[in-house]
Amino acid sequence: MTRTVYLNGAWLPETEAKVSVFDRGFLFADSIYEVTAVIGGKLIDYYGHAARLQRSLSELGIACPLSEEALLDVHRDIVLRNHLDEGLIYLQISRGADDRDFAYPVKAEPTLVLFTQAKPVLNNPRSQTGLSIATVPDWRWERRDIKTVQLLYPSMAKMEAIRRGADDAWLVEDGFITEGSAATAHIVKADGTLVTRGLSNALLHGITRASIIDLARGAGMTVEERPFSVEEAQEAAEAFITSATNFATSVIKIDDVVIGDGKPGPIAGKLRRLYTETRLASAI
């Protein structure tokens, strides 16, 4: 059965959902996106993603085609139409279609697309095994805080990591880890302190990152928001990533250096459980 896709106010079979070849998302990556996890047919951390969506749109001067209430209704509707129990909703808004020009068009109407993907989120097998990471240079643009669809370099970085026998990549700039190819990077020191890079234009302001930091502090953990090097990460007691569909997932190896005892760490596991419990309780 094909999925039902939302495109500019219409509900269409995925085989019939078409976007113009003149769309600036296609021509210039002039587009932003969000991913919201779904568990039990409910939206996880939705309001955080919705707020970041509005920030990204504002930074690029793109108008949201729907009101906040209507956008939430579309998210709920697409879950029902696709009978999605567990997985994700992908949303993308581009500036719209117009003749190709580096200058932004004045009258283009934004293109809004949503689709679903079924996948294991709650019982992701990687949460049991942990991830291996390869570090690669961070050669992206300098406005990584805007969640644009300019994802070619992160894709190249992930493929380089896979070529080297790892599961994913962490990006390194000036000797410090910025973030993963599609996730926030964290480490835990021997004394239990959680270290996470502070927010800036250098990295995406992760919604799951913010939730995990709040949960860690609520559990009495010390949190340091600062840069950390590859060497510090390799010497850490634990390392893990956070993202909308990974929650908190342990990293067990960085560039062939085993982290801790080479197994998913207890603090990452605790934070994953806390996140799952609290977010399932508040899912909408």
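This is a predicted model: local features need pLDDT of at least 70, side-chain atom pairs count only at pLDDT 80 or more; totals for chains, interfaces and linings use all residues.
Local features need pLDDT of at least 70, side-chain atom pairs count only at pLDDT 80 or more, and totals for chains, interfaces and linings use all residues. Residues are numbered from 1 along each chain as its sequence is written, and side-chain values use heavy atoms, without hydrogens and water.

The structure holds 22 salt bridges (a side-chain nitrogen of Lys or Arg within 4 Å of a carboxyl oxygen of Asp or Glu). One of them pairs Arg126 with Asp167, with the closest N and O atoms 2.9 Å apart. This pair links distant parts of the chain: Arg126 is in helix H4 (residues 126–129), while Asp167 is in the loop between helix H5 (152–163) and strand S8 (168–173), 41 residues apart. Helices (H or I, at least four residues) and strands (E, at least two) are DSSP runs, numbered from the N terminus. Arg126 is partly exposed at 36% relative accessibility. Buried means under 20% relative accessible area, exposed over 50%, partly exposed in between (1.4 Å probe, protein chains only).

Arg217 and Glu225 form a salt bridge through their side chains (3.3 Å, N to O). Salt bridges with shared partners also join Asp138, Arg140, Arg144, Glu173 and Glu179 into one network.

Val21, Phe22 and Phe26 make a nonpolar surface patch of about 350 Å². Patch residues have over 30% relative accessible area and no salt bridge; like charges are joined within 9 Å, nonpolar side chains (Val, Leu, Ile, Met, Phe, Trp, Tyr) within 5 Å. Areas come from the Shrake-Rupley method with a 1.4 Å probe; for residues, only the protein chains shown count as cover. Val21 is exposed, at 55% relative accessible area.
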